[in-house]
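Q: Walk me through the labels on this one, please. For each, I'd like the cut-off and then the value that goes with it.

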Amino acid sequence: MLYPLATETRQLIDLSGEWQFKFANHTDWQPIAVPASFNDQLVLSECKNYVGDFCYQTEFYLTPAMLKERIFIRFGSVSHFAQVRINDQTIGEHQGGFTPFEFEITQAVRLGKNLVRVDGNNILNNSTLPVGNYSEYQNEQGEMRKKVSENFDFFNYAGIHRPVKIWTKPQSYIEDITITYELEQTRAQVNVALMLQGDWDSAKIRIFDENDQEVAYSEGLVCQQLTIENVVRWQPRNAYLYKMQVMLYQNEQCLDSYTETFGMRTVEIKDNQFLINDKPFYFKGYGRHEDTHFNGRGLNNAANILDTNLMKWQGANSFRTSHYPYSEEMMRLADREGFVVIDETTAVGLMHNFGAGLINDPAEQDINTWQKYTTMEAHRQVIKELIQRDKNYACVVMWSIANEPSSAEEGAYEYFKPLFDLARECDPQKRPCCFVNIMLAPAGKDLVMALSDVICLNRYYGWYVNTADLSQAKKALQAELEYWHTLFPNKPIMFTEYGADTVAGLHDMDFNTPFTEEFQIEYYKAHHEVIDKLPYFIGEQVWNFADFQTKYGTFRVQGNKKGLFTRTREPKMAAHYFKERWNSIPHFGYKS
Ligand code: GCB
């Protein structure tokens, strides 16, 4: 799916700004910012925690020139369901809160003023991703209310989270561009598959380097091959992006033009190493969240740029899009800045018995996740949409099919096998695929790891278990890592999460006091003593980059405090510790 850009044949209107908003059944509209979550803009707790239907609307204007073209409306994302109306005509709907969708609206628009209305809802349940525990109850006034208790550890922010754009395209247009390539030393054979609409007789492709010099040209039909000599590869933290201009022609006349940027690198897993451009890469970085003050989960470009610069300052080279596809703006930034990305679906919360003791109905306690949840369809959809959207990014080196599913329960392998197959089939670049394993499904109990190319572990020894006992934590960690290695000697192992909640400003003489800034550092040092010695351990992604908002719970004090930075991005002491560490670990060849 192409990112919305203005070109010489396409116009773009960005509808970001102030829209009108109301909860369903309310009569009064009120101002709201788009893109952003509605939750933190409305002050009252019942608004922040509202579950159910809501409406957004705004106006846009079309000129006579625009009406000669085909006209589309494109949403970066709406959490979690949206039905779109233009001038009272229903145009289409989309389920899934973290992927873009686009509808043609040519037949519904008119010259001058047009009205767009979005009827959305933020309900999550047993069939959606993420998974939520949905219920209904009567409040003190006897009114029915809906409730979603998150089956995951981040706040269920909702609304129009990413930009909305009106995009004109010519009558015949380029719908999609898929780029694959073979790299041999300094030569690249680039294969381009075009999806084209309407009438045309040829497509011309020009590739430009970063100095805007043309390095390859071809003319033909929907599949074309070009050769680039003296290729500069995309490297972690040293990105190089080519520009591919695709032009659609009929009778010598250019009908449409679109420019896709792309980098080229190889990815391979061999002898328990993760090779990028044939060299063993070491992941240094984070699991993150799209989470900021005011914007909630909505796009915050300033925060994205600040975060990227903070990660550079620390010598980080990678992150995982925990636990959902991030904005296209962030993906483009990562591609440009050379951050290596593990690109994750929305599959989080796939564990029915997670808080078994807290499930009220004892009859529910023995029910198996893979019988209880009906997420297969949503899971297939998000895998397809994610890969379709992000397939051309060089920064994406691996797809994460799920975070912490119940992978030790019977039925887990059968659930995941077709999903890994689907991801491998959908990806034109055939990148590795993984899932992220939870502590409750350790080596020997987990049933899914055979499908995963990398053993990605979220581990909390010394925090949720062996709390503050770092010497026991080290022993338990070492034993588990060795066990995984015995089971899968050729698979590399990495942390996709490890961390300890830390309240900024909390200090103690005793370095073993949980929640203090001193303890956070000691916790990480203990883990590094173990992993630095293991040649097959290929990366450390800290949980989390910054403190973030979660649902309410006795384990959470205004959210999750495992950030190395606060929610407003002040560094905790551990941020400096990692700056020293990561700046002294090379991106390649650390363990060789
Ligand atoms: C995990 C989850 C993450 C949580 C984290 C924690 O394993 O993947 O979403 O926030 O633990 O802090 O407990």
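A: Burial goes first: buried means under 20% relative accessible area, exposed means over 50%, and partly exposed is in between, with a 1.4 Å probe and protein chains only. Keep in mind that this is a predicted model, where local features need pLDDT of at least 70, side-chain atom pairs count only at pLDDT 80 or more, and totals for chains, interfaces and linings use all residues. Residues are numbered from 1 along each chain as its sequence is written, and side-chain values use heavy atoms, leaving out hydrogens and water.

Q: Why is E344 called buried?
A: E344 has 0% relative accessibility, so it counts as buried. R320 gets that label at 0% too.

Q: What makes R320 and E344 a salt bridge?
A: The term needs a side-chain nitrogen of Lys or Arg within 4 Å of a carboxyl oxygen of Asp or Glu. For R320 and E344 the closest N and O atoms are 2.7 Å apart, so the pair falls inside that limit. It also links distant parts of the chain: R320 is in strand β26 (residues 318-320) and E344 in strand β27 (residues 340-344), 24 residues apart. Strands are DSSP runs of E with at least two residues, helices are runs of H or I with at least four, and both are numbered from the N terminus.

Q: How many salt bridges does the structure hold?
A: There are 36.

Q: How do you know that K312 and E337 tie separate parts together?
A: Their side chains meet in a salt bridge at 2.6 Å, N to O. K312 sits in helix α3 (residues 301-313) and E337 in helix α4 (residues 328-337), so the pair ties together parts 25 residues apart in sequence. K312 has 25% relative accessibility, which makes it partly exposed, and E337 also counts as partly exposed at 25%.

Q: Why are R206 and E214 called partly exposed?
A: R206 comes out at 26% relative accessibility and E214 at 41%, so each value falls in the middle band. The two form a salt bridge, with 3.0 Å between the closest N and O atoms.

Q: What makes D212 and K243 a polar contact?
A: A polar contact is a pair of N or O atoms within 3.5 Å; within protein, one must be able to donate a hydrogen and the other to accept it, and residues adjacent in sequence count only if both atoms are side-chain atoms. The side chains of D212 and K243 make theirs at 3.2 Å. D212 is in the loop between β17 (202-208) and β18 (214-220), and at 49% it counts as partly exposed.

Q: Why is D427 called buried?
A: Its relative accessible area is 0%, so D427 is buried. D427 lies in the loop between α7 (412-426) and β29 (433-437), and its side chain makes a polar contact of 3.0 Å with that of W399.

Q: How do you know which residues surround the ligand?
A: A residue is near a molecule or strand if one of its heavy atoms lies within 4 Å of it. Here 13 residues surround the ligand, and the closest are D153, E404, Y464, E497 and K562. A ligand oxygen is 2.5 Å from a side-chain N or O atom of D153, while for Y464 the distance is also 2.5 Å and for E497 it is 2.7 Å. The protein covers 91% of the 320 Å² of accessible area that the ligand has on its own. D153 also has a polar contact of 3.0 Å with R556, side chain to side chain, and R556 is buried at 15%.

Q: What makes Y464 part of a nonpolar surface patch?
A: Patches are made of residues with over 30% relative accessible area and no salt bridge; like charges are joined within 9 Å, and nonpolar side chains (Val, Leu, Ile, Met, Phe, Trp, Tyr) within 5 Å. Y464 has 36%, so it counts as partly exposed. With V465 and F555, Y464 forms a patch of about 300 Å² of accessible area together, where areas come from the Shrake-Rupley method and only the protein chains shown count as cover for residues.

Definitions and conventions
Accessible areas come from the Shrake-Rupley method with a 1.4 Å probe; for residues, only the protein chains shown count as cover.
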